[in-house]
Amino acid sequence: MSSHSLRRLRPKAFEEDHNRIAPPSHRHAAPSAPWPWVDIQDEVDREQLATALPPIPERCDHKNPGCDGCWKGYPQSLFPNWTPAQVIKSKIHKAIHDYRREIQCVVHFVDVDDNGLFTSPRKLSSGEGSLEETWQEFVNSHVPDKVRVRALFIENMSGPVLQMLGARYNIEPFFFSSSLNWIPSRYEEEVRPGVGDHITITLTFLRSVANNDAIRLSAVSPYASSSTTLASRDILVEQMIDTQAPLNLHSSGRLLLLDLLSVHLIRKKNGSMIISYHADKDLPTTTAPYLHERIRFAGQSVYWQSIFQNQSDPTFVLLTFIWHAMYAWDEALENLYSHICTLESQVITTSEMTLTQELHIIRAHHLHYSSLLDDFRKTVIFVRDTKNPALMALSEEDRKASHDLMTRECANLLSEIERLDMDRKMQDRRLKNVMNLVFSSVNIIDSKRMQKMTEAAVRDSAGLSMKQIAYLTMVFLPASFVAAVFGMNVQEIVPDTNGTLPHYVGTALPLTLATVWVIIAFQSRYIFPENVTFWKRLGWPLFLFMRLFGKDPYIPEHLKKIEDDDSSVGMTIGEGMRALHMSMGMTTGEALRARQRQA
């Protein structure tokens with residue numbers, strides 16, 4: 001079924017995709033992919049393929065009178081290979097044209113000076129009536145020489161602000177497409193030795209929020225048939241097992257949900273820029289004011305302040321952004337561990353199927369968390385190994401000191417990520433243990449129920465039913481006996497017949513005795529050992545007679561001849577054994593079989 005057919009069948013679900021976190025399309029994450037947002041089944045734009053214009057247009061300084069607001073044509077004005085179809089598919093078109101115009105876009109600024117101090121925090125508000133003023137602010141704003149890094153935190157990013165930032169700082173559209181689609185990515189571009197480069201980091205991480213802080217939450221599964229928010233549905237039933245959706249920790253009243261860290265760093269000798277994108281979905285994700293405040297507060301740390309004072313590399317400021325994701329991961333896994341401990345205590349006292357369903361959902365999320373932690377690890381390694389070209393102007397000693405410090409700080413982050421992964425693995429093993437305990441408890445309960453049902457069935461069939469049949473037979477037994485007696489053709493009852501009562505007794509009694517003889521021979525496993533043939537079993541009367549006088553032929557000879565040393569007992573070992581067996585309710589055959597099993 002095509003995507004167009006799905007749109008016809010479920011138009012409402014597609015309309016609400018804006019507030020959903022869909023599974024990421026990793027193939028569209030970085031500029032190294034030669035066909036941005038063109039899938040296998042998509043057609044190539046024929047007009048773009050036939051154009052004679054160069055694929056890389058000339059740079060615009062945005063101060064030339066001929067510029068005429070080139071930002072309005074972003075991204076095609078700087079990246080012609082991004083055709084209209086690709087811009088639409090990447091959701092950049094929707095971000096540019098279909099944004100919330102009634103809400104102002106706010107840009108939060110903070111500078112890091114050459115003394116490592118975080119200074120000049122301010123805001124820039126941009127509305128529909130102040131677009132030209134906003135553009136002039138971006139174009140004409142000059143970063144002072146004493147400022148090493150200027151960080152911009154974009155709150156409620158509007159379409160025009162997106163275009164202004166992209167055009168002013170020559171940002172690859174992949175940064176915005178990866179951010180809009182929550183695609184983990186990390187890449188370096190515009191590398192100019194001795195001048196600088198651009199690096200982009202888009203990282204999805206785990207975060208824990210209180211349930212009452214997530215009333216606006218609507219990140220439901222993209223596979224669900226309903227568009228109802230999680231706040232009004234039974235998560236275990238309706239959530240399905242979608243690892244993109246939040247995980248409800250009902251024991252602590254918290255939700256584990258995905259958050260986004262999206263940062264574009266422009267590294268230069270002086271006046272580096274950090275642009276932090278923040279998702280505009282109706283999700284309790286990290287907001288621009290919150291991260292702006294946290295990064296400023298990191299400047300108060302004595303440890304980091306000494307780093308900022310001695311190192312001019314703006315990548316160290318980027319590390320503080322990554323530490324925010326680390327804090328969120330650690331807190332989230334702590335809450336998950338507490339929830340798993342609660343489930344363990346519940347499993348010990350009860351074995352409900354809902355617990356099994358919840359355990360399966362948690363395990364599915366755990367597998368997804370493993371891939372997220374792996375992306376986290378790769379991001380830190382990317383930051384460590386991507387050297388800043390602007391540092392080429394420094395001395396060899398300063399470059400080495402900066403590199404060693406960057407390696408050390410990234411090693412600290414990698415060590416923390418390894419610890420998080422070990423915690424996740426430990427939790428996964430405990431989940432397996434709890435699930436095994438649930439299955440074992442359920443099996444034991446089922447076995448007990450089956451045993452009770454079997455006993456009840458046996459009582460009903462062999463007990464009550466047989467008793468009813470026996471009572472019914474006893475009612476008719478006297479009449480049947482009388483009818484059989486009066487039906488006999490003997491002279492005592494029917495004078496005209498030749499048969500007599502002695503004839504009847506002489507025929508019936510031998511047949512009865514023969515029947516009893518054969519039946520006892522077949523059932524003589526309680527008398528003879530197991531290896532005795534049937535023909536020998538027919539001699540059971542003789543065997544019982546010999547046993548009566550202590551001549552049991554199936555007791556070994558050395559046991560027959562050994563006498564008990566105590567004369568007061570006056571019994572042979574064979575007699576003593578038989579007496580012991582009789583006191584225990586066992587026949588000699590049973591005792592012999594027991595001795596054979598012991599041997």
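The model on the screen is a predicted one. Lysine 89 belongs to helix α4, which covers residues 84–89. Proline 36 and lysine 89 are separated by 53 residues in sequence, yet their C-alpha atoms are 9.7 Å apart in space.

**Helix α7**

Now select residues 159–168, which make up helix α7. Is this helix mostly covered or mostly open? Nine of its ten residues are buried, and the helix is therefore described as mostly covered. Among the buried residues are Gly159, Pro160, Val161, Leu162 and Gln163; Met164, Leu165, Gly166 and Ala167 are buried as well. Just after α7, select asparagine 170, whose phi angle is positive, at about 55°.

**The nonpolar cores**

Proceed to Phe321, Trp329 and Phe376. These residues have the most contacts inside the largest nonpolar core, which holds 111 residues. Which helix gives this core its largest share? Helix α12, residues 315–349, supplies that share with 16 residues. Centre the view on tryptophan 329 and display its surroundings. Apart from neighbours within four places in sequence, tryptophan 329 is in contact with Phe205, Leu206, Tyr369, Leu372, Leu373, Phe376 and Leu420.

**Histidine 366**

Select histidine 366 in helix α13, which spans residues 353–385. Is histidine 366 buried or exposed? Histidine 366 counts as buried because its relative accessibility is 0%, and the buried class is set at under 20%. When residues up to four places away in sequence are left out, histidine 366 touches Leu336, Arg424, Gln427, Asp428 and Leu431.

**A patch on the surface**

For the last stop, select Phe481, Val482, Phe486, Ile493 and Val494. These residues form a nonpolar patch on the surface, and together they have about 480 Å² of accessible area. Finally, highlight valine 482, which is found in helix α14, residues 396–486. Valine 482 has a relative accessible area of 41% and is therefore partly exposed.

Definitions and conventions. Residues are numbered from 1 along each chain as its sequence is written. This is a predicted model: local features need pLDDT of at least 70, side-chain atom pairs count only at pLDDT 80 or more; totals for chains, interfaces and linings use all residues. Side-chain values use heavy atoms; hydrogens and water are left out. Helices (H or I, at least four residues) and strands (E, at least two) are DSSP runs, numbered from the N terminus. A nonpolar core is a set of buried Ala, Val, Leu, Ile, Met, Phe, Trp, Tyr and Cys residues joined through side-chain atoms within 4.5 Å. Buried means under 20% relative accessible area, exposed over 50%, partly exposed in between (1.4 Å probe, protein chains only). Contact means heavy atoms within 4.5 Å. Patches are made of residues with over 30% relative accessible area and no salt bridge: like charges are joined within 9 Å, nonpolar side chains (Val, Leu, Ile, Met, Phe, Trp, Tyr) within 5 Å. Accessible areas come from the Shrake-Rupley method with a 1.4 Å probe; for residues, only the protein chains shown count as cover. A salt bridge is a side-chain nitrogen of Lys or Arg within 4 Å of a carboxyl oxygen of Asp or Glu.
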